[in-house]
Amino acid sequence: MSQLRNVLGRPGIKDEGLVVPELQGAEGKIAGNVLAGDENSVAFDRNPEEILSIVYGSGDEHVPGGFYPKGADGRIARSHLHTA
């Protein structure tokens, strides 16, 4: 699931899964990973386009599907559907 979110959410690693190499875990000390974050345990951010790409399951914020087959109904989501 983490790999899919990384692919759909565009370039970069923002989701690491529950088990990671110890050096990638919280503060480089544990292999368990409840919250993906940087070396200081600060969570990665995602912009609205990345989130829509993931929840739509299409990898494109303009193409609905996934959890929202008809597109989401919020202002930001609607603005992207109109530009498709």
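Q: Where does Gly 71 lie?

A: Gly 71 is in the loop between helix 2 and helix 3. The model is predicted, and that should be kept in mind for everything below.

Q: What is the mean pLDDT of the chain?

A: The mean pLDDT of the chain is 78, and 65% of its residues reach 70 or more. Where pLDDT is low, the predicted coordinates should not be read in detail. Here confidence is lowest in helix 1 (residues 2-8), at a mean of 73, and highest in helix 2, at 90.

Q: How many helices and strands does the secondary structure of the chain come to?

A: The chain has 3 helices and 0 strands. Read along the sequence, the pattern is α-α-α. Helix 2 covers residues 48-56, and helix 3 covers 75-81.

Q: Is Gly 71 buried or exposed?

A: The cut-off for buried is under 20% relative accessible area. Gly 71 has 18%, so it counts as buried.

Q: Which residues does Gly 71 touch, not counting residues up to four places away in sequence?

A: Gly 71 touches Tyr 56, Pro 64 and Leu 81. Take Tyr 56: it and Gly 71 are 15 residues apart in sequence, while their C-alpha atoms are 7.4 Å apart in space.

Q: Which residues in helix 2 are buried?

A: The buried residues in helix 2 are Glu 50, Leu 52, Ser 53, Ile 54 and Tyr 56. An α-helix has 3.6 residues a turn, so residues three or four places apart point the same way.

Q: What is found at the start of helix 2?

A: A side-chain oxygen of Asn 47 reaches to within 3.1 Å of the backbone nitrogen of Glu 49. After helix 2 comes Gly 57, with a positive phi near 70 degrees.

Q: How many aromatic pairs does the structure hold?

A: The structure holds 1 aromatic pair. To read such a pair, look at the distance between ring centres and the angle between ring planes; planes over 60 degrees apart count as edge-to-face. The rings of Tyr 56 and Tyr 68 have centres 6.4 Å apart and planes at 70 degrees, so this pair is edge-to-face.

Q: Which parts does the pair of Tyr 56 and Tyr 68 tie together?

A: Tyr 56 lies in helix 2 and Tyr 68 in the loop between helix 2 and helix 3, so the pair ties together parts that are 12 residues apart in sequence. Tyr 56 is buried, at 1% relative accessibility. Tyr 68 is partly exposed, at 39%.

Q: Where is the place of Val 63?

A: Val 63 is in the loop between helix 2 and helix 3. It is partly exposed, with a relative accessibility of 40%. Not counting residues up to four places away in sequence, Val 63 touches Tyr 56 and Ser 58. The C-alpha atoms of Val 63 and His 80 are separated by 8.8 Å, and the two residues are 17 apart along the chain.

Q: How many salt bridges does the count come to?

A: The count comes to 1 salt bridge. To find it, look at Asp 73 and Arg 78, whose closest N and O atoms are 3.5 Å apart. Asp 73 is exposed, with a relative accessible area of 61%. Arg 78 is partly exposed, at 36% relative accessibility.

Q: What do the totals for the chain come to?

A: Buried residues make up 26% of the 84 residues. The accessible surface comes to about 5700 Å², and 60% of it belongs to carbon and sulfur atoms. Of the contacts with a separation of 6 or more, 31% are between residues 24 or more positions apart.

Note on methods: Residues are numbered from 1 along each chain as its sequence is written. This is a predicted model: local features need pLDDT of at least 70, side-chain atom pairs count only at pLDDT 80 or more; totals for chains, interfaces and linings use all residues. Side-chain values use heavy atoms; hydrogens and water are left out. Rings of Phe, Tyr and Trp (its six-membered ring) pair if their centres lie within 6.5 Å; planes under 30 degrees apart count as stacked, over 60 as edge-to-face and the rest as tilted. Helices (H or I, at least four residues) and strands (E, at least two) are DSSP runs, numbered from the N terminus. Buried means under 20% relative accessible area, exposed over 50%, partly exposed in between (1.4 Å probe, protein chains only). Contact means heavy atoms within 4.5 Å. Accessible areas come from the Shrake-Rupley method with a 1.4 Å probe; for residues, only the protein chains shown count as cover. A salt bridge is a side-chain nitrogen of Lys or Arg within 4 Å of a carboxyl oxygen of Asp or Glu. A polar contact is a pair of N or O atoms within 3.5 Å; within protein, one must be able to donate a hydrogen and the other to accept it, and residues adjacent in sequence count only if both atoms are side-chain atoms. pLDDT is the predictor's confidence in each residue, from 0 to 100.
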